[in-house]
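Hi there,

Here is the structure I promised to send over. Please have a look at it first, and then read on for my notes.

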Amino acid sequence: MFKKYLLAPGPTPVPPEALLAMAMPMIHHRAPDFVPVLDAAKNGLKRLFQTQNDVLILCSTGTGGMVASVNNFFNKNDKVVVIDGGKFGERWTKICKAYGLDVREIKVDWGYSVRPEAVEELLKKEGNIKGVFVQVTETSTGVNHDVEALAKIVGRYDDTILVVDAISALVAHDIRTDAWGIDIMVGGSQKGLMLPPGLAFVSVSEKAWKKAESSKLERFYFNLKAERKKLQENQTNFTSAVTLIIGLNEAIKLLEQEGLANVFARHTRLAHATREGVKALGLNLFARELPSNSVTAVEAPAGVDGQKIYKVLRENYGVTTAGGQDQVKGKIFRIAHLGYADRFDVIVAISALEMTLKTLGHPVTLGKGVAACEEILV
């Protein structure tokens, strides 16, 4: 028997305060006693998103929020730009194509961040681009894109909106939705917000709402204009995920008690300690630039299968991380430090990694990675 540790980039651990709140007796989503619950949630989300715009709450995973960000604001054959530097950039492309959009991909080598000037060049060259789609954190590679720089570029085009997947980056990074000029931003419950999967959040600017007026793509469940109307009544359009929204209020309360600036700083520190611990063991980071505060992608050492590292960490030492996907499957593994995580989660991860490498026959000095972590976390 061993204690289990969840250090994957989603779902992430849920704090006991949120778990206990979600264990309370069920209330009806149209009853008066749910009104203050949703009111608190919608206002708390505005603070986390750093926006004055509505943040819509959808009963879905984050991908549902991505879908809603396409089929509510565009039309068939609209030209859009997708930044594709990993599995989730690919997902933007697949969603856009599913709704008949004309996609111009900017392919970015996995492990690298997009050059903002490449986006600017394409917008100038193509003309009549209706949207630019990007991740803050490309979770499959542990790389961030410079969304602030992209927002400045897109903001110069009156008929182009910036659509941002911040699902694994929200609260791990200081993302200033309004100050930067992000038009649509998507979040999810099971990452930095420390909840089970099941909620997606979508903030929408007035610039984007104007585009919604002319969008004729098919939609039913993910109808954001209908959701916006119901939100004014402190309701959702269909059955609310009552229990999750109750838990959301507890999670927001915990984050705000810590203070958002401190939350950002904690994630920065944990990510830095993880990277230094890994490097002290002689391993290479997969992110060549702009590494994420949410998840660290690590190259498997020569002769060692990254999937075996992921498997031994889980089966021998009770530490669930994440493996590589697609072209990097078996070549990398990923350690998250996201949401309900503190310094000892990182120390557990690095110490378990040391033991795993030794189990797999890779030469390692036990304690070297942990020592590097502790120098940062002490």
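What covers the buried residues of α11? The cover includes α2 (35–49), α10 (242–258), β11 (295–299), β14 (332–336), α13 (343–359) and α14 (368–377). Before I go on, please keep in mind that this is a predicted model, in which local features need pLDDT of at least 70 and side-chain atom pairs count only at pLDDT 80 or more, while totals for chains, interfaces and linings use all residues. Residues are numbered from 1 along each chain as its sequence is written, and side-chain values use heavy atoms, with hydrogens and water left out.

A word on the labels: helices (H or I, at least four residues) and strands (E, at least two) are DSSP runs, numbered from the N terminus. "Buried" means under 20% relative accessible area, with exposed over 50% and partly exposed in between (1.4 Å probe, protein chains only).

Back to helix α11, which spans residues 260–280. From its first C-alpha to its last, this 21-residue helix reaches 30 Å, close to the 30 Å expected at 1.5 Å a residue; the expected span is 1.5 Å times one less than the number of residues. Its buried residues include Leu260, Phe264, Arg266, His267 and Arg275. Just after α11, glycine 282 has a positive phi of about 80°.

Next, the sheet. Seven strands form an open sheet in the order β2-β10-β9-β8-β5-β3-β4, with mixed pairing; two strands pair if DSSP finds at least two bridges between them. At the edges are β2 (55–59) and β4 (102–107), each of which pairs on one side only. From one strand to the next, the twist averages 20°.

Strand β9 is mostly covered, with five of its five residues buried. Ile184, Val186 and Gly188 point one way, and Met185 and Gly187 point the other way. With β8, β9 pairs in the parallel sense over three bridges, and valine 163 stands opposite isoleucine 184. With β10, β9 pairs in the antiparallel sense over five bridges, and here alanine 200 is the bridge partner of glycine 188. Elsewhere in the sheet, β3 (residues 79–84) and β5 (residues 129–135) run parallel and are joined by four bridges; valine 81 has valine 132 as its bridge partner.

Helix α3 may interest you too. Nine of its 10 residues are buried, so α3 is largely enclosed by the rest of the structure. One of the buried residues is Ser69, at 0% relative accessibility. The side chain of serine 69 reaches the backbone oxygen of glycine 65 at 2.8 Å. Serine 69 also touches Phe74, Trp92, Phe133, Val163, Ile184, Val186 and Val202, not counting residues up to four places away in sequence; contact here means heavy atoms within 4.5 Å.

Finally, how do α12 (residues 306–317) and α13 pack, and at what angle? The angle is about 110°, with the axes 9 Å apart. Axes are lines fitted to C-alpha atoms, for helices over the stretch in contact, and angles run from 0 to 180 degrees between N-to-C directions. The two helices are therefore roughly perpendicular to each other, a term for angles of 65 to 115 degrees (under 35 is roughly parallel, over 145 roughly antiparallel and the rest oblique). Residues making the contact include Ile309 and Tyr317 of α12, and Leu353 and Met355 of α13.

How values were computed
A polar contact is a pair of N or O atoms within 3.5 Å; within protein, one must be able to donate a hydrogen and the other to accept it, and residues adjacent in sequence count only if both atoms are side-chain atoms.
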